[in-house]
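Subject: The structure you asked about

Hi,

Here is the structure for you to open alongside this note. Have a look at it, and then read on for what turned up.

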Amino acid sequence: MFDEPGFPSDPDYDATAPTLHTFVYCSRAADGVEEAEVNRLIESAQRHNLTCGITGVLVFGSGVFFQWIEGPEAEVRKLMASLHSDPRHYDIVSLEESVEKRERLYANWQMERVSADDILEVLQDALESAEDENNIATLKRIVDHLATGSLDSLGRAQ
Ligand SMILES: Cc1cc2nc3c(=O)[nH]c(=O)nc-3n(C[C@H](O)[C@H](O)[C@H](O)COP(=O)(O)O)c2cc1C
């Protein structure tokens, strides 16, 4: 029966999974944006994200941000517009943008600050649960960059 039209044969297919918009990017912190400012930014991001269903991770290290954002399309698009005009960072490089029906990778994180040292582990976990081929390719590319250098090289290479 699972091969009949309308019954995808993929055993992981979940018709109840939400349609998620995902945006992954890296950027450079503006002059003067350091630990205290990043902590303030995270606090207000968590409050806002909780109200609009956005989850993800933010990494800050060596003056570079890396952020994974997932949530309802309209909300993620609004946040993307805000991010693009936020003077606290510049040189935004889009690494991934997709809209697909899937479960969240970071369901319990309204925006978790992850240290640059831990990002490899976080991304490897994400890679293990990722199913979308594009997500997998992007995550592998980022993991490779991190394995061979710093977050700075991730920004320069794109
Ligand atoms: C690196 C970085 C990551 C950010 N992440 C978020 C976030 O996850 N959620 C959020 O609401 N704002 C985040 N912000 C702040 C937004 O850019 C923006 O200031 C905030 O959403 C308020 O937007 P508005 O002034 O257009 O209402 C982030 C800012 C920076 C620089």
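Below is a walk through the fold, the strands, the first helix, the ligand and the confidence.

Two points on how to read this. Residues are numbered from 1 along each chain as its sequence is written. The model is a predicted one: local features need pLDDT of at least 70, side-chain atom pairs count only at pLDDT 80 or more, and totals for chains, interfaces and linings use all residues.

**The fold**

The protein has five helices and five strands, where helices (H or I, at least four residues) and strands (E, at least two) are DSSP runs numbered from the N terminus. Their order from the N terminus is β-α-β-β-α-β-β-α-α-α. Of the 158 residues, 25% count as buried. Buried here means that 20 or more other C-beta atoms lie within 10 Å of the residue's own; exposed means 12 or fewer, partly exposed is in between, and the C-beta atoms are placed from the backbone. Among contacts with a separation of 6 or more, 73% link residues 24 or more positions apart; a contact needs C-beta atoms, placed from the backbone, within 7 Å.

**The strands**

Strand β1 (residues 19-29) is largely enclosed by the rest of the structure, because eight of its eleven residues are buried. β1 runs antiparallel to strand β4 (residues 89-101), with ten bridges joining them, and C26 stands opposite V93 in β4. (Two strands pair if DSSP finds at least two bridges between them.) β1 also pairs with β3 in the antiparallel sense, over eight bridges; there Y25 faces Q67.

Strand β2 (residues 55-61) is mostly covered too, with five of its seven residues buried. Seven bridges pair β2 with β3, again antiparallel, and F60 has F65 as its bridge partner. Two residues lie between the strands of this hairpin, where S62 takes a positive phi near 55°. How do β2 and strand β5 (residues 112-115) run, parallel or antiparallel? They run parallel, joined by four bridges, with V59 partnered by V114 in β5.

Helix α1 (residues 35-52) has 18 residues, which at 1.5 Å a residue should span 26 Å; its end C-alpha atoms are 26 Å apart, so the two agree. (The expected span is 1.5 Å times one less than the number of residues.) α1 is hardly covered, with one buried residue among its 18. After α1 comes G53, with a positive phi near 75°.

Which residues come nearest to the ligand? Of the 15 around it, they are A45, H48, S82, D86 and R88. α1, β3 (64-71) and α2 (73-84) each give two or more residues to this shell. The largest share, four residues, comes from α1. A residue counts as near when its C-beta atom, placed from the backbone, lies within 6 Å. By type, the shell holds eight nonpolar, five polar and two charged residues. Nonpolar covers Ala, Val, Leu, Ile, Met, Phe, Trp, Tyr, Cys and Pro; charged covers Asp, Glu, Lys and Arg; the others, Gly among them, are polar.

**Confidence**

The average pLDDT, the predictor's confidence in each residue from 0 to 100, is 81, and 80% of the residues score at least 70. Confidence is highest in α2, at a mean of 97, and lowest in helix α5 (residues 151-157), at 47. Residues 1-8 have pLDDT below 50, and this stretch has five contacts beyond near neighbours in sequence. Where pLDDT is low, the predicted coordinates should not be read in detail.

Best wishes

Notes
Two residues are in contact if their C-beta atoms, placed from the backbone, lie within 7 Å.
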